[in-house]
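These are my notebook entries on a structure that I looked through by region. I set down what I looked up and what I found.

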Amino acid sequence: MRILVTAKAPVPGLVKTRLARDVGDRTAAGLAAAALLDTIDTCVAAVGAASCHLALAGDLAAAVRGEEISSALARWTVRAQRGRTFADRLATAHAATPGPVLQIGMDTPQVTPADLTAAADLLEAHDAVVGPAYDGGWWLLGLQDPTLAARLRTVPMSQPDTCARTIAALASGVVTTRTLRDVDTIADAAVVARTAPRSRFARSWQTREVP
């Protein structure tokens with residue numbers, strides 16, 4: 001089992017733009033960095049660094065906590081994202097990762113190793129696993145055959161029906177995990193920080209500068 005994380009380098013002004021409207025670009029990037037570091041730790045705890053892959057957009061050299069993130073990724077396989085649309089980049093990242101694969105983003109720092117292990121167990125008996133998000137998207141996609149991610153190219157991303165359309169595009173053999181909240185807004189951030197109070201994300205939330 002491999003885990004694939006798709007992420008943006010947490011560069012101020014380029015990540016968490018909806019959240020940044022309320023907390024500012026620098027604070028939003030700091031929260032994104034904390035969430036990515038939490039995600040990295042969780043993936044390593046679940047499968048070990050040698051089985052972890054990152055598809056990265058952007059430059060960690062310009063990112064908040066970039067050196068810390070780079071150090072945490074020392075034994076990971078890291079590739080640049082490629083593709084015109086987000087769906088294209090997802091499909092390309094999956095195709096470059098040996099299956100079976102579980103893919104998550106950097107927006108759910110409350111995810112635990114047990115969540116990933118449970119999804120991996122489900123994937124052993126199904127073609128695909130989808131983790132629904134409360135906003136209508138999804139936080140996890142597991143595929144026995146990573147080339148099936150090519151079907152995502154027809155799915156509009158970041159929409160209220162993205163999860164439903166993803167399940168429909170995968171056609172059959174799909175099972176779902178528990179539903180999670182991903183961090184897009186200030187309300188999401190507050191809820192997720194309470195959900196995972198010992199996380200880097202929660203600490204960053206609690207110590208943020210309030211505009």
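**Entry 1. Basis**

I worked from a predicted model, in which local features need pLDDT of at least 70, side-chain atom pairs count only at pLDDT 80 or more, and totals for chains, interfaces and linings use all residues. Residues are numbered from 1 along each chain as its sequence is written, and side-chain values use heavy atoms, with hydrogens and water left out. I took helices (H or I, at least four residues) and strands (E, at least two) as DSSP runs, numbered from the N terminus.

**Entry 2. The sheet**

I looked up the strand order first. Seven strands form an open sheet of mixed pairing, in the order E3-E2-E1-E4-E6-E5-E7. I counted two strands as paired if DSSP finds at least two bridges between them. The edges are E3 (77–80) and E7, each of which pairs on one side only. From one strand to the next the twist averages 20°; for this angle, axes are lines fitted to C-alpha atoms, and angles run from 0 to 180 degrees between N-to-C directions.

I then followed strand E1 (residues 2–8) to its partners. E1 and E2 (residues 52–57) run parallel and are joined by six bridges. Within this pairing, Val 5 stands opposite Leu 54, and Ala 7 has Leu 56 as its bridge partner. E1 also runs parallel to E4 (residues 101–104), with four bridges between them. Here Arg 2 stands opposite Val 101, and Ile 3 has Leu 102 as its bridge partner. E2 pairs in the parallel sense with E3 as well, over four bridges, and in that pairing Leu 56 stands opposite Ala 80.

For burial, I used under 20% relative accessible area as buried, over 50% as exposed, and anything in between as partly exposed (1.4 Å probe, protein chains only). Five of the seven residues of E1 are buried, and the strand is mostly covered. In E2, five of the six residues are buried, so this strand is largely enclosed by the rest of the structure.

**Entry 3. Helix H2**

I checked the length of H2 (residues 25–47). The expected span is 1.5 Å times one less than the number of residues. For the 23 residues of H2 this gives 33 Å, and the end C-alpha atoms are 33 Å apart, which agrees. Gly 48 follows the helix and has a positive phi, near 90°.

**Entry 4. Helix H6**

Which residues of H6 (residues 162–170) are buried? I found Thr 162, Cys 163, Thr 166 and Leu 170. Seen down the helix axis, the buried residues of H6 fall within an arc of 100°, so they line one face; the arc is that of the directions from the helix axis to the C-beta atoms. The face turned away from the buried side carries the exposed residues Ala 164 and Ala 168. Strands E5 (128–132), E6 (138–143) and E7 (174–176) are among what covers the buried residues of H6. Ala 171 follows H6 with a positive phi, near 80°.

**Entry 5. Salt bridges**

I defined a salt bridge as a side-chain nitrogen of Lys or Arg within 4 Å of a carboxyl oxygen of Asp or Glu. A search of the whole structure gave ten.

I noted that Asp 38 forms one with Arg 200, with the closest N and O atoms 3.8 Å apart. Asp 38 lies in H2 and Arg 200 in H8 (residues 200–206), so the pair ties together parts that are 162 residues apart in sequence. Both Asp 38 and Arg 200 are buried.

Arg 200 also forms a salt bridge with Glu 68, with a closest N to O separation of 3.9 Å. This pair links H8 to H3 (residues 66–72), where Glu 68 is found, 132 residues apart. Glu 68 is partly exposed, at 34% relative accessible area. A network of salt bridges links Asp 38, Asp 41, Arg 65, Glu 68 and Arg 200.

I also recorded the salt bridge of Asp 188 with Arg 181, at 3.0 Å between the closest N and O atoms. Asp 188 is buried at 11% relative accessibility, whereas Arg 181 is partly exposed at 29%.

**Entry 6. Asp 88**

Is Asp 88 buried or exposed? At 15% relative accessibility, Asp 88 counts as buried. This residue is found in H4 (residues 86–95). Leaving out residues up to four places away in sequence, Asp 88 touches Arg 82, Gly 83 and Arg 153, where contact means heavy atoms within 4.5 Å.
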